[in-house]
Amino acid sequence: MQTKDVREKILSFMREESYAPMTSEELVDALGREVNPNKFWDELLALEQNGEIIRTRFDTYGLPEKMGLVAGRFQLTSKGFGFVIPDNKGDRPDVFIPPRALHGAMNNDRVLARVNAAAQGKKPEGEILRIITHANNKVVGIFTQSEDFAFVTPDDKRIGQDVYIMRKNFNGAKDGQKVVVEITEWPQEHRKAEGKVTEVLGNIGDVGLEILSIIKQNDLPLTFPDEVLEASRKVPKTIKKSELAGRRDLRERTVVTVDGEDAKDLDDAVYVEQLSENEYLLGVYIADVSYYVTEDSILDKEARDRGTSVYLVDRVLPMLPERLSNGICSLNAGEDRLSMACEMHIDKLGKVLSYEIFPAVINVRHRLSYNIVRAILAGDKELCEKYTDILPMVAHMDELRQILHDKRARRGAVDFDLPEQKVILDEKLHPIDIVQRIHGNAESIIEEFMLAANETVAQHMFNQHWPFIYRVHDLPNEEKMQDFAKLLANFNIKFIVKEETEPKDIQQAVKEIAGRPEERLVTTVALRSMKQAVYQTDNIGHFGLAAKYYTHFTSPIRRYPDLIVHRLLRAWMAKPTLKQDDAEKLEDKLDMIAEHSSVRERAAADAERATVDLKMCEYMADHIGEEYDGVISGVTAFGMFVELPNGVEGLVHISSLMDDYYEYYEERYALVGTHSGNTYRLGDKVRIEVLQVNISDVSIDFIMAGENAGVREHIRQQLLMKQKPSSGFSSKRAAMSAETQKKKHSRKGAKNKEAGRRSAKHGKPAPKSSAKSSKSGKKSRKRNRKSR
C-alpha cells in the first residue's frame with residue numbers, strides 16, 4: 001500500500017459525517033485492515049505536521065475545517081494585514097488576518113489559522129496559530145547599520161518586517177548596501193526575524209543592481225552549474241540515422257515555425273492542409289526535448305529546480321542550457337529535428353474528428369515571424385513572391401484560426417484582449433520607449449493551434465486513465481463575482497451571480513461593455529476576479545478556456561510541465577497499461593512536480609512583472625513635469641490610480657486634490673468632493689502631471705494637471721513625508737537616505753544599545769526600522785497569454 005493511499009484512507013475516514021475526534025489508537029483500530037499499521041504512524045504524524053489534520057489537547061485527531069481552523073498559504077499585503085488562502089479551497093473564502101494576529105507569519109508561509117465567527121456580510125476573520133512551513137528563507141533588502149547591530153529592510157514590502165543582524169553576521173556588508181540575508185531565526189510575536197548576510201549585491205545606484213535584486217529576491221538562478229554545462233556539451237549537435245527508428249519521417253512536409261523576430265528557442269512548428277470542403281488537417285510538431293533530457297539526469301534535475309525559463313525585461317534565464325534550448329532542441333529551419341507530433345483532423349465547426357500522437361522527424365521549411373505572416377495575409381507583394389510555396393497554406397491557417405476561435409467563443413471561453421507593453425532598452429539598458437505588443441491574426445494562429453493541441457493531448461491521456469499533469473483553472477469564488485456585479489451595475493450592466501459562475505456569464509458581460517470607454521476597466525477587473533491557473537494531477541478543467549481537458553504540451557524547452565507531459569506520452573506509448581502500484585507511485589511524484597512547477601511559475605511571473613514595472617519607473621523618471629491623458633484604473637480611500645496610454649500607472653494621492661475634501665465611496669468606486677460634488681470615478685478620463693518617481697519603491701506619483709508651482713511643491717513635500725527617502729536616482733541620494741535611516745536607528749538605540757540588542761534577540765520589542773513601505777498599491781499586471 002502506497003504512502004498516498006494510507007493518507008487518503010485516514011483523511012477519507014475523518015471526512016465522514018459520523019466521524020468524531022479519536023485518539024491514534026482508536027483510529028488505527030477503526031481503520032483495521034484498510035491501512036498498514038507500520039505506515040499508519042508515520043503518515044498520521046506527517047498529516048499533523050502538514051496541517052491537514054489537528055491533534056487536540058486531549059490527544060484526539062480531527063480535520064481543521066471541522067474545528068474552526070484553516071490551513072493554507074498566507075498572503076501578506078504591504079499595509080500589514082493579510083489573507084489565508086485555504087488548501088483545496090473549493091467554496092471556502094479567504095480568511096482575513098489583521099496585523100495584530102499575524103504572530104510572526106511572513107508572506108507565502110503555509111500556516112494554520114483559527115477562524116473567528118464572521119460578522120454578518122463580512123469576510124471571515126482569524127488569527128495565525130502556527131506556521132507550518134516558512135517560505136522566505138532568503139530576503140533581499142537594504143542593510144542599515146547601527147553600531148553593533150543592523151537591520152535589513154526587505155525590498156518585498158509584503159514580507160512586512162525588518163531582519164535583525166548581529167555584528168558577527170555582517171559578513172562585510174556596509175551601511176546602505178543591497179544584500180541577501182538568510183533567515184537563521186524566524187520571527188515571533190514580539191521578536192524580529194534574525195539572519196546573516198550571505199551576499200552583498202552592491203551599492204545603491206550601481207547599474208543593474210535593481211534587476212539583480214529582483215532576480216535574487218525571487219530565487220532565480222543566474223548561471224548553470226559547471227556539471228550541467230558539461231552534461232549539455234555531451235549532447236550531440238546533429239541527429240544520427242539510428243535515432244530515426246520508430247519515428248514517422250515527415251521531412252518532406254512543408255512545416256513552418258512562426259515566432260517573434262528575436263525568438264531563438266523554437267519549440268513548436270505547424271502544418272495545415274485542407275483535405276476537403278469540410279475538413280482540415282492540423283499538424284502541431286513540438287521539439288522532443290524529453291529524448292535528450294532523460295529522467296533524473298543532471299539536466300533533468302536542473303530543469304526541474306528551475307521549472308521554467310524566465311523572460312526578464314533585459315535578459316532571459318533559460319530552463320535548459322543554450323546548447324539544447326537554441327541548438328539541437330530548437331526547431332531551426334533547414335535542420336532535421338526530433339519532434340512529438342499531434343495531428344488533428346478538424347471540421348468546419350472546429351470539432352476534432354480524429355487525431356494521432358506520435359514521435360516524428362521533421363525539417364522546418366521556413367522560419368517565419370509574426371510580422372512576415374501578417375504581411376503575407378495583407379498581400380505584401382515582395383513577401384508573397386518569396387514565400388510562394390506556402391501561400392495557400394498560410395491562407396488555410398488563417399481560415400482554421402477563425403474556425404477554432406469561433407468554437408471556443410461558442411462554448412464560452414473568456415478572451416481578455418488586454419494590451420501588453422514592451423519596454424525598449426538602449427545598449428546601456430536604459431529605457432527609451434514603451435510600446436504596445438501587437439496581437440493580431442498572426443499571433444492568434446499559433447495561439448489557437450497550440451490550444452487545440454494542448455486540449456487534444458489532455459483529453460487523450462485522461463481517457464487512457466494515466467496519471468498526468470493538467471493545467472487547471474478553478475471557478476471564481478462567489479464573493480469576487482459579487483464585487484464584479486457591483487462594478488457592472490455602475491455601468492448599467494446586469495450580472496447575475498450564481499453559486500457556480502459559468503465562463504459564458506463573464507464572456508457576455510465583457511461583450512456588453514465592448515466599445516465603451518469602460519471596456520478596459522471591466523475586462524481588467526474581470527481578470528483580477530478570476531483565480532490563477534495552476535498545474536495539478538486532478539483534472540477539474542480550465543474555466544477561462546471553457547475546456548474540460550487542458551494541459552501544457554507545446555513548450556518543453558521553456559516549461560518543465562510540458563517536458564513531463566512529453567515523458568508521460570513516451571511512457572504511455574511504450575506501456576499503455578500501468579499497474580495500480582506503479583500508477584500511485586507515479587502520481588505521488590507528479591503531485592510534487594506540479595506543485596513545485598506552479599510555485600516556480602509564480603516566482604518567474606513576479607520577477608518578469610517587477611522588472612517591467614521597474615523599467616517603466618525609470619522611463620517616467622525622465623518625464624517628470626510632463627502632462628498626459630489617462631484613465632482612472634483604481635479608486636481607494638487614499639487616492640486613485642491613473643493608467644496612461646503606454647501602460648504606466650501612478651497614484652494621485654487624495655491629499656493632492658486641493659480643490660475640496662474628498663470622500664471614498666466604495667460601492668460607487670469613486671471619490672466625491674464634500675462641497676463641490678466633483679466626482680472621480682473608476683474608468684473616468686483625466687489629465688495628470690507626473691510629479692515624482694520613487695524607483696526604489698517602484699512607485700509613481702501624479703497630480704491633476706494645471707496645478708500652480710506653489711501647490712505642486714506643497715504636494716511634493718506632503719508626499720515625501722509619507723514615503724521613505726528615494727534611493728533610486730543616484731548613489732549620492734542613496735547615501736543620504738541610508739544616513740538618515742542610520743541616525744534614526746542610532747537615536748533609538750543611544751540610551752542603551754546593548755539592551756536594544758538583547759530585546760531584539762530575546763522577545764522584547766526590538767528597535768524598528770525607519771524604512772516604511774509606501775502605499776504604491778500597484779495593481780497586478782496582466783498575465784501573459786502563454787500562462788494559460
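Modeller: Helices are DSSP runs of H or I with at least four residues, strands are DSSP runs of E with at least two, and both are numbered from the N terminus. This is a predicted model, in which local features need a pLDDT of at least 70 and side-chain atom pairs count only at pLDDT 80 or more, while totals for chains, interfaces and linings use all residues. Residues are numbered from 1 along each chain as its sequence is written, and side-chain values use heavy atoms, with hydrogens and water left out.

The position in question is N169, which is found in the loop between β11 (163-166) and β12 (177-185). N169 counts as buried, because its relative accessibility is 14%; buried means under 20% relative accessible area, exposed means over 50%, and partly exposed lies in between (1.4 Å probe, protein chains only). Contact here means heavy atoms within 4.5 Å. Leaving aside neighbours within four places in sequence, N169 is in contact with G195, K196 and V197.

For the setting, the chain contains 20 helices and 34 strands. Of its 788 residues, 52% are buried. Among contacts between residues at least 6 apart in sequence, 68% join residues at least 24 apart.

Y560 lies in helix α16 (residues 560-574). Not counting residues up to four places away in sequence, Y560 touches D300, A303, R304, G307, M319, R567, I593 and S597. Y560 and R306 are 254 residues apart in sequence, yet their C-alpha atoms are 8.1 Å apart in space.

Burial can also be followed along whole elements. In helix α2 (residues 24-31), the residues S24, L27, V28 and L31 are buried. These four cover an arc of only 95 degrees around the axis, so they are on the same side of α2; the arc is that of the directions from the helix axis to the C-beta atoms. After α2 comes G32, whose phi is positive, near 55 degrees. Strand β17 (residues 279-287) is mostly covered, with eight of its nine residues buried.

β17 also has two partners, where two strands pair if DSSP finds at least two bridges between them. Strand β16 (residues 268-276) runs antiparallel to β17 and is joined to it by eight bridges. A hairpin of two residues connects β16 to β17, and V270 stands opposite V284 in β17. With strand β20 (residues 336-347), β17 pairs in the antiparallel sense over nine bridges; there, G283 stands opposite E343 in β20.

Helix packing can be described through α9 (residues 370-377) and α11 (residues 391-411), which pack at an angle of about 95 degrees with their axes 10 Å apart. Axes are lines fitted to C-alpha atoms, for helices over the stretch in contact, and angles run from 0 to 180 degrees between N-to-C directions. α9 and α11 are therefore roughly perpendicular to each other (65 to 115 degrees; under 35 is roughly parallel, over 145 roughly antiparallel and the rest oblique). V373, I376 and L377 of α9 make the contact with L391, V394 and D398 of α11.

Two further sheets complete the picture. A closed barrel of five strands runs β27-β28-β29-β34-β33, with mixed pairing. Its neighbouring strands are turned by 50 degrees against each other on average, direction ignored. Helix α17 (residues 580-621) packs on this sheet, touching β27, β33 (685-694) and β34 (699-704), and its direction makes about 95 degrees with that of β33.

Four bridges join β30 to the antiparallel strand β31 (residues 670-673), and E663 stands opposite V672 in β31.
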